[in-house]
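Reader: I am new to this structure and would like to know what the terms used for it rest on. Please take me through them.

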Amino acid sequence: VGSQKFLSLQDLQFYLNMANVVYDRKALLRTVSTFPLIDNHCHNLLTSDASLICPLEVCFSKARGDALKDASQTSALKRGVRQLAEVYNCTPTLDNIKQVRDLMSHIDICKTCFKPTGIQSLLLDDGLDALSGLMDMQNHVGLVDVARRIVRIESIAEKILYDLATSVACTDQKTPNFAAFEEPLKKQLETYAKSESVVAFKSIAAYRSGLNIDYIPNAEAAAVALGNLITYFESLPDKKGSVILANKVLIDYILNLAIDIAVQHDIPIQFNTGTLYKYLRIFLCHILVRTFSNQTTVSLRLLFVPLPLRPLIEKYPNAKFVLLHSAYPYSRQAGYLASVYSNVYVDTGLVFPLISASGQQAILRELLEICPSNKILFSTDGHYLPESFYVAAIQGREALRKVLLESVENGEFSYEEAIKIAKQIMFENSNTLYKLKLTPKQIIKEDVSGEQKVIKLKKMGVKSVRIGFMECSSQYRYHIVPIDRFENYIADSGLTIARVLTALPYYGDVVPDNAGVNATGEVLLKPDLSTLTHLPYIPKHANVQTFFENKFTPIDPQFGKIDNSPNSLAFPLCPRTCLKNITDSARKDLGITFLIGTEFEFVLLKDTTPPVPVDDTTYASANSFRISNSAEILDKIVESLQEQEIEVERYHSEGGGGQFEIDTAPEIPLIAADKVVVTRQTIYDVAAQAGVKATFVPKLFKEQVGTGAHVHISFKEIDKSQKIVDDHPSRLSPYERSFIAGVLHHIKAICAFALPTDLSYTRTVDNYWAGSWICWSVENRETPIRVCYRPKNGPNGRYLDVHFEHKFVDGTSNPYLVFSALIASGVDGIKKGMQLTTNPILDNPASLSNEERMKKGVTERMPASLSDTLKALKEDKTLIDALGEPIIRCYTAVKEVTYMINTLTSITGEPLIKIRNKNSKLASPEINSEKIIDLFLNPSMNY
């Protein structure tokens, strides 16, 4: 670990205990991303020569010929291109991907695509012969551990029919004996069923004659149909090629024969279902019209809808039926059949990657509504090109992750149950059904070095890297360097800036007095390469977060005393180092780790002079996504966040005009704070590209709700697999109660970071859901701290999981310092054994009389101004010690210099702010809120 040769016993215990926790969120995410896949239905790859004439677009569309040209306009292809760009390390365009492929050998393309998928076994239907030149089954071994064959019944029957028809054409016997067809078919199917390389049969009857298969086969009618086929073949002038089996009577007879053999040898039989296929033989519907009362629409549906299989399923209770392709768009029907018949299974393939991400997730939800989880099988339906396997596998994992996380959040599954379901769908169900007897091989995720990341970014067309840092005023700043300069020098040595640049106020380049820094000296911005990420909305740019490191010169007293230890290198005004040290200390001293999630509320404005929101709708209103281009903007923001590996849990319109909210998944504190910065920047930049202004101003309009950035914190006591609950009525553990007590004790000082401008305090007033009185609650949005419960299952049974929402934080704050102050305050409460002296407030504190509040122990209001909280912060020795005196001194100096503002001029080429002499006295220390709004809406400002 770092420069240490050995782990301490405490650290070792920490990692061992964390490894044993298998039912939490991280374990679920890890399982979905690293557990292997069995691809229970796919098709052979093309050989090297054959692949040269196969267009890449076939991976994303069932269209062929001229229609395939339109595939470039589908969401499936556009999404797939972005995902393929990741694996090929190039800019996300179809042409660039093709150019990279052209320079690679066929085997290298296959290995590049298969390695990240985690597919351990392929079950191959080699009957997809629209293109010649398929690889043999065994040639797939090496790309995966195991390959097995699925025998397509119709293909075997057609080959026998062709041979029979050809032989008959050469003789005088024009009406063959039916046994001449039936006996070789039985023999071949028996041989395949006994073969160790064959794991299943498959039928494409849905695409030939429909799924209303006659479960009482008619041998005489089948013989007549065979004679008619031979007669028709005899009439053809050119008898080369093959026979296409399309007669329903003959198909039904063959299928019943094949099912009997499958039952005898205990192998499953797969049925194509659903409509995602070009070659539906709709012209055959006339056969069905006569049977079903001339109801043409019913007849068409019977071609591919799974419900008509019921009589066949009931006739063969010992047969194992696999309904392929999720029966899209009739997935609920497939799930229903699997739920009421023990011998029916449902496959998820083909919807990956042919339909949208939301559609894929909807399919999984529909299946899980009713289908037992041990009946759902993963597949890619990959075919011809390795890219089809890669994209389907990646998208399948992504959909499974999102749906299972959502199900856990909705209380449908516990994390432990969701992990089990993920393993069943991805691997275990197919392993059991097809008797593969495989041991799952977990994917080993290789840590990508900073050097590899840079190489990848360059291949993707990135030209510049933003060296980002957030200082005490909460302004995010960055320098931009060419990527070659970054690679050759900055990544390792850092970027030099003046020390004073870490302590500038938000309104201008002014050096505050008493900040602890001046024009002398420099500091290094050392890139944290783990944060290096591509900016998808600015394709030629990447971004990286930094730590501040000391850069001493001979005039510094510390010169020559650097020992390269972290404490010696760390610059004391680094917010990222501050947060890291506080969380490391909590783990070391108390055995506690934290997760933090954030809600991002913001307003989109179509004009700023005066501010005009893009709409005037209300909370979660559908109209907010209809009356402007907000839907496109929000979708682009969310898509950009996801491409930067920020998991979005939900988004919607909020209660104010033009106001929206995006909620992101919890992370460990430092990563969570980094992602707050990235999320804000993404919102600003994507909105600007769309021609609107995004702002996190705490309150833009007097009569509307404010704009917050609620912070959700949970923690785990790592020496326990499940928290211990005593007799306290809150059902909170002693540590949890003390954590809340600590935050309440220090809340006035915390507000100096959480509410960093005077405008922030216009939001924390009565009846605006931010908390105006110092107290705590359970699920009460009128208190600054809200305890949120959720039932979960652990190894010791059912328990209540809990996290704490801090509603008073707003989006103009520095996340590193806010998280540091909250954690340090809670940890102080735990160390000192602070007790909650009040019960949770279940009423709106503002609605109570003074006497009622006194009885409940609610005696103090939240701070009313920044000056109040800065005073509290300077008097809070605990937070000063925890965050460090240099940061507190610098932060308070930066904030106090705001009071020295004399005038705010309009936004021109002239300076925005004139500062009075530091010794002068102001008539009023308060700043006009409307002027601050004007300043915040300055396009150059990131508020």
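Author: The model is a predicted one. Beyond its neighbours within four places in sequence, H710 is in contact with G597, T598, E599, E601, R763, E805, H806, K807 and V809. H710 lies in the loop between strand 19 (693–695) and strand 20 (711–717).

Reader: Why is H710 called buried?

Author: Buried means under 20% relative accessible area. H710 has 6% relative accessibility, so H710 counts as buried.

Reader: What makes the pairing of the side chains of H710 and E805 a polar contact?

Author: A polar contact needs a pair of N or O atoms within 3.5 Å, one able to donate a hydrogen and the other to accept it. The side chains of H710 and E805 make such a contact at 3.0 Å. The side chain of H710 also makes a polar contact with the side chain of K807, at 3.5 Å.

Reader: How do you know that helix 2 is mostly covered?

Author: Helix 2 spans residues 25–34, and seven of its 10 residues are buried. They are R25, A27, L28, L29, T31, V32 and T34.

Reader: What covers the buried residues of helix 2?

Author: The cover includes helix 17 (386–409), helix 18 (415–433) and strand 17 (648–653).

Reader: How much of the protein counts as buried?

Author: Of its 943 residues, 57% count as buried. The secondary structure comes to 31 helices and 25 strands. Among contacts between residues at least 6 apart in sequence, 75% join residues at least 24 apart.

Notes:
Residues are numbered from 1 along each chain as its sequence is written. This is a predicted model: local features need pLDDT of at least 70, side-chain atom pairs count only at pLDDT 80 or more; totals for chains, interfaces and linings use all residues. Side-chain values use heavy atoms; hydrogens and water are left out. Buried means under 20% relative accessible area, exposed over 50%, partly exposed in between (1.4 Å probe, protein chains only). Helices (H or I, at least four residues) and strands (E, at least two) are DSSP runs, numbered from the N terminus. Contact means heavy atoms within 4.5 Å.
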